[in-house]
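Please open the structure in the viewer and keep its sequence alongside.

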Amino acid sequence: MEDIQNKIREQEEEQMINNAFQTLLDSYLASKHRKKVEIITKAFNFAKQAHKGVRRRSGEPYIMHPIAVAQIVCQEIGLGSTSICSALLHDVVEDTDYTVEDISNIFGPKIAQIVDGLTKIS
(Lines give C-alpha, C1' and ligand atoms only; values in the text may rest on other atoms or scores of the structure.)
Protein backbone atom coordinates (compact mmCIF):
# COMPACT_ATOMS: atom_id res chain seq x y z
CA MET A 1 0.00 0.00 0.00
CA GLU A 2 2.81 2.39 0.91
CA ASP A 3 4.49 1.71 -2.46
CA ILE A 4 1.29 2.68 -4.26
CA GLN A 5 0.99 5.88 -2.22
CA ASN A 6 4.64 6.74 -2.98
CA LYS A 7 4.07 6.16 -6.71
CA ILE A 8 0.97 8.37 -6.65
CA ARG A 9 2.88 11.11 -4.81
CA GLU A 10 5.77 10.85 -7.31
CA GLN A 11 3.33 11.14 -10.23
CA GLU A 12 1.62 14.15 -8.62
CA GLU A 13 4.98 15.86 -8.05
CA GLU A 14 6.07 15.10 -11.62
CA GLN A 15 2.83 16.67 -12.86
CA MET A 16 3.34 19.73 -10.62
CA ILE A 17 6.92 20.15 -11.92
CA ASN A 18 5.85 19.74 -15.55
CA ASN A 19 2.96 22.19 -15.10
CA ALA A 20 5.31 24.79 -13.58
CA PHE A 21 7.76 24.34 -16.46
CA GLN A 22 4.94 24.60 -19.02
CA THR A 23 3.80 27.86 -17.38
CA LEU A 24 7.37 29.14 -17.73
CA LEU A 25 7.49 28.12 -21.40
CA ASP A 26 4.10 29.75 -22.05
CA SER A 27 5.36 33.01 -20.47
CA TYR A 28 8.50 32.84 -22.61
CA LEU A 29 6.56 32.10 -25.80
CA ALA A 30 4.28 35.07 -25.09
CA SER A 31 7.35 37.37 -24.88
CA LYS A 32 9.00 39.24 -27.73
CA HIS A 33 12.17 37.16 -27.47
CA ARG A 34 13.40 34.76 -30.15
CA LYS A 35 11.94 31.37 -29.47
CA LYS A 36 14.79 29.22 -28.17
CA VAL A 37 12.62 26.63 -26.46
CA GLU A 38 15.11 23.82 -27.10
CA ILE A 39 17.92 25.23 -24.93
CA ILE A 40 15.48 26.20 -22.16
CA THR A 41 14.06 22.67 -22.18
CA LYS A 42 17.60 21.27 -22.12
CA ALA A 43 18.48 23.46 -19.10
CA PHE A 44 15.27 22.41 -17.32
CA ASN A 45 15.91 18.71 -17.92
CA PHE A 46 19.54 19.06 -16.82
CA ALA A 47 18.64 20.94 -13.61
CA LYS A 48 15.77 18.56 -12.87
CA GLN A 49 18.11 15.57 -13.17
CA ALA A 50 20.88 17.30 -11.16
CA HIS A 51 18.48 18.11 -8.28
CA LYS A 52 16.63 14.77 -8.47
CA GLY A 53 15.57 13.50 -5.06
CA VAL A 54 16.47 16.79 -3.33
CA ARG A 55 13.77 18.61 -1.38
CA ARG A 56 13.41 22.10 0.04
CA ARG A 57 12.70 22.59 3.74
CA SER A 58 9.02 22.97 2.79
CA GLY A 59 9.14 19.41 1.44
CA GLU A 60 8.58 20.35 -2.19
CA PRO A 61 10.96 19.07 -4.90
CA TYR A 62 14.00 21.36 -5.15
CA ILE A 63 13.54 21.96 -8.90
CA MET A 64 10.48 24.08 -8.12
CA HIS A 65 12.81 26.83 -6.83
CA PRO A 66 14.86 27.23 -10.04
CA ILE A 67 11.63 27.14 -12.09
CA ALA A 68 10.18 29.91 -9.90
CA VAL A 69 13.35 32.01 -10.30
CA ALA A 70 13.27 31.47 -14.08
CA GLN A 71 9.59 32.52 -14.12
CA ILE A 72 10.51 35.80 -12.38
CA VAL A 73 13.41 36.37 -14.79
CA CYS A 74 11.10 35.78 -17.75
CA GLN A 75 7.80 37.33 -16.74
CA GLU A 76 8.66 40.06 -14.25
CA ILE A 77 12.09 41.13 -15.51
CA GLY A 78 11.45 40.28 -19.18
CA LEU A 79 14.78 38.61 -19.94
CA GLY A 80 15.38 36.01 -22.65
CA SER A 81 16.56 32.44 -23.07
CA THR A 82 20.14 32.93 -21.82
CA SER A 83 18.90 34.40 -18.54
CA ILE A 84 16.11 31.83 -18.21
CA CYS A 85 18.62 28.99 -18.69
CA SER A 86 20.97 30.59 -16.16
CA ALA A 87 18.10 30.88 -13.66
CA LEU A 88 17.18 27.22 -14.15
CA LEU A 89 20.82 26.21 -13.65
CA HIS A 90 21.75 28.72 -10.94
CA ASP A 91 22.04 26.20 -8.07
CA VAL A 92 23.50 23.26 -10.02
CA VAL A 93 27.16 24.21 -9.49
CA GLU A 94 26.60 25.18 -5.86
CA ASP A 95 24.52 22.15 -4.86
CA THR A 96 25.74 19.26 -7.05
CA ASP A 97 28.99 17.76 -8.35
CA TYR A 98 28.70 19.65 -11.65
CA THR A 99 31.25 22.41 -12.27
CA VAL A 100 31.13 25.72 -14.13
CA GLU A 101 33.25 23.98 -16.78
CA ASP A 102 30.56 21.30 -17.17
CA ILE A 103 27.93 24.02 -17.64
CA SER A 104 30.18 25.75 -20.20
CA ASN A 105 30.70 22.52 -22.15
CA ILE A 106 26.99 21.76 -22.25
CA PHE A 107 25.39 25.23 -22.46
CA GLY A 108 28.20 27.51 -23.64
CA PRO A 109 30.46 30.06 -21.96
CA LYS A 110 27.87 32.86 -21.64
CA ILE A 111 25.43 30.81 -19.55
CA ALA A 112 28.33 29.34 -17.55
CA GLN A 113 29.65 32.83 -16.80
CA ILE A 114 26.24 33.96 -15.51
CA VAL A 115 25.79 30.79 -13.43
CA ASP A 116 29.29 31.30 -11.99
CA GLY A 117 28.44 34.90 -11.12
CA LEU A 118 25.16 33.87 -9.48
CA THR A 119 26.96 31.14 -7.51
CA LYS A 120 29.34 33.75 -6.07
CA ILE A 121 26.49 35.98 -4.79
CA SER A 122 25.95 35.02 -1.17
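What does the accessible surface of the protein chain come to, and what percentage of it belongs to carbon and sulfur atoms? The surface comes to about 7600 Å², with 52% belonging to carbon and sulfur atoms (Shrake-Rupley method, 1.4 Å probe).

This is a predicted model, in which local features need pLDDT of at least 70 and side-chain atom pairs count only at pLDDT 80 or more, while totals for chains, interfaces and linings use all residues. Residues are numbered from 1 along each chain as its sequence is written, and side-chain values use heavy atoms, leaving out hydrogens and water.

Along its principal axes the trace spans about 50 × 35 × 25 Å.

Next, switch to a cartoon display. The protein chain contains 7 helices and 0 strands (DSSP runs, H or I of at least four residues for helices and E of at least two for strands, numbered from the N terminus).

Now select the largest nonpolar core, which has 30 residues. Such a core is a set of buried Ala, Val, Leu, Ile, Met, Phe, Trp, Tyr and Cys residues joined through side-chain atoms within 4.5 Å; buried means under 20% relative accessible area (1.4 Å probe, protein chains only). Ile40, Ile67, Ile84, Leu88, Leu89 and Ile103 have the most contacts inside this core. At least two core residues come from each of helix 1 (2-29), helix 2 (37-50), helix 3 (64-76), helix 4 (81-89), helix 5 (92-95), helix 6 (100-107) and helix 7 (109-120).

Finally, select Leu89. Not counting residues up to four places away in sequence, Leu89 touches Ala43, Phe46, Ala47, Ile103, Phe107, Ile111 and Val115 (contact means heavy atoms within 4.5 Å).

Definitions and conventions:
Buried < 20%, exposed > 50% of the residue type's maximum accessible area, 1.4 Å probe, protein only.
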